[in-house]
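Please keep the sequence and the three-dimensional view at hand while reading.

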Amino acid sequence: PDWPNLKNWVSRRRLCKTYEHYGTLCDCDNPYNLTRRRQVVPPHLRRAVVVMLVSRGPELMRSLTALFNADGFPSSRFLMFTDSKNEELFLLSESLDLPLVTANISEKFIVNTVTQLYGFIIKFVFKNFKDADYVIFLEDDVEVARDFFTYLNYTAPLLASDPTLYCVSAHNDLSYVHTSFDPTILYRTESYPNYGWMATVEFLWAMLKFIDGNRNNTYDWDIAIHLTIRGDRECIIPEVSRSFHFGSSGMHMTQYEYHLIESRQRLNKV
């Protein structure tokens, strides 16, 4: 009853009354709020757009907490996107005063839905951020390191100047405790783009053209990028990952597989 009678707090009341798993966000006496630090956006990312694909509320809270704690987060150019009208996500986004854009996509196969959502996001960015140089893609079950944007800032000039590169990814699939040690080392690789990655606007035009031209095919967006759209180009990845995938189950992974493989991967703490 002591919460303010403002629109975002009314939404939080509804969220906390209806849904579980939000912990301190719903603490009656000391409710959690995202810490909005005054950020100095690094120079090469001042015209970047940060987008996040969302579908699960509790996972989203963990992702957002890490994102807002990351140095150099360009929060004024951050948007969340979902492919369905989800009351829980709507209430959470309104509670936190964060923009949520809904794309009405009706697809028979879930892989097509995610791919078409990527196409919708790219078109939205092109229409509303005509000055954009880069787009940074995140998902709601990815935790970023404190230096996530610092890493992207230092690698952005490489991506912009080298035509044999197509992306910078914050994630290294082989970044385990026993295989990754030096956070200053980068690799060029044929890696898939995943778990926090950045591309130039020029590359996204090619990605959008492929998506719009293959609407009747069933394929994963990342496989299409890897096998078709990127051509011979490579991606920059760090030896020590700057993102951590904590989603324990999904479209292509069981909880057992997650525990065996991804739960043991490293996230940079330096």
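A disulfide is counted here when two cysteine sulfur atoms lie within 2.5 Å. The structure under discussion is a predicted model, and a search of the whole of it finds two disulfides.

Cys-167 and Cys-235 form one of them, with their sulfur atoms 2.0 Å apart. Because the torsion about their S-S bond is about -100°, this disulfide is left-handed. The pair links distant parts of the chain: Cys-167 belongs to strand β6 (residues 165-169) and Cys-235 to strand β9 (residues 234-238), 68 residues apart. Both Cys-167 and Cys-235 are buried.

A disulfide is also formed by Cys-16 and Cys-26, whose sulfur atoms are 1.9 Å apart. The link of Cys-16 and Cys-26 is left-handed, with -85° about the S-S bond. This pair, too, links distant parts of the chain, with Cys-16 in helix α1 (residues 7-18) and Cys-26 in the loop between α1 and β1 (48-53), 10 residues apart. Cys-16 has a relative accessibility of 21% and therefore counts as partly exposed, since the buried class ends under 20%. When the bonded cysteines of the protein are numbered in sequence order, the pairing reads 1-2, 3-4.

Cys-28 counts as exposed because its relative accessibility is 60%, where exposed means over 50%.

The aromatic residues come next. A pair of aromatic rings is described by the distance of the centres and the angle of the planes. A search of the whole structure finds 14 aromatic pairs. In one of them, Trp-3 and Trp-9 are tilted, at 5.2 Å centre to centre and with 55° between the planes. Trp-3 is buried, with a relative accessible area of 13%, and Trp-9 is buried with a relative accessible area of 13%. The rings of Phe-81 and Phe-124 have centres 5.3 Å apart and planes at 80°, so this pair is edge-to-face; the cut-off for that class is over 60 degrees. The pair links distant parts of the chain, for Phe-81 lies in strand β2 (residues 78-82) and Phe-124 in helix α4 (residues 110-128), 43 residues apart. Phe-81 counts as buried because its relative accessibility is 0%, whereas Phe-124, at 23%, counts as partly exposed. Elsewhere, one aromatic cluster is formed by Phe-68, Phe-73, Phe-78, Phe-148 and Phe-149.

Arg-12 lies over the face of Trp-9, at 4.5 Å from the ring centre. The ring of Phe-246 has the charged end of Arg-62 over it, 4.1 Å from its centre.

Two helices provide an example of packing. Helix α2 (residues 57-69) and helix α3 (residues 87-95) pack with their axes 10 Å apart, at an angle of about 30°. Angles under 35 degrees count as roughly parallel, and α2 and α3 are therefore roughly parallel to each other. The crossing in which α2 passes α3 is right-handed.

Helix α7 (residues 221-229) shows which positions are enclosed along a helix. Its buried residues are Trp-221, Ala-224, Ile-225, His-226 and Ile-229. An α-helix has 3.6 residues a turn, so residues three or four places apart point the same way. After α7 comes Gly-231, whose phi is positive, near 65°.

Positive phi values also occur at other residue types. Most residues other than glycine have a negative phi. Asp-97, although not a glycine, has a positive phi of about 60°. Asp-97 lies in the loop between α3 and β3 (100-102) and, because its relative accessibility is 55%, counts as exposed. Tyr-195 is a residue other than glycine with a positive phi, near 50°. Tyr-195 is found in the loop between β7 (186-189) and β8 (197-200). Is Tyr-195 buried or exposed? With a relative accessibility of 14%, Tyr-195 counts as buried.

Technical notes: Residues numbered from 1 in each chain as written. Predicted model: local features only at pLDDT ≥ 70, side-chain atom pairs only at ≥ 80, totals over all residues. Heavy atoms only, no water. Phe/Tyr/Trp six-rings, centres within 6.5 Å; stacked < 30°, edge-to-face > 60°. Buried < 20%, exposed > 50% of the residue type's maximum accessible area, 1.4 Å probe, protein only. Helix = DSSP H or I, 4+ residues; strand = E, 2+ residues; numbered from the N terminus. Lys NZ or Arg CZ within 6 Å of the ring centre and 35° of its normal. Axes fitted to C-alpha atoms, helices over the stretch in contact; angles between N-to-C directions. Parallel < 35°, antiparallel > 145°, perpendicular 65-115°, else oblique. Left-handed = near helix turned anticlockwise from the far one by under 90°.
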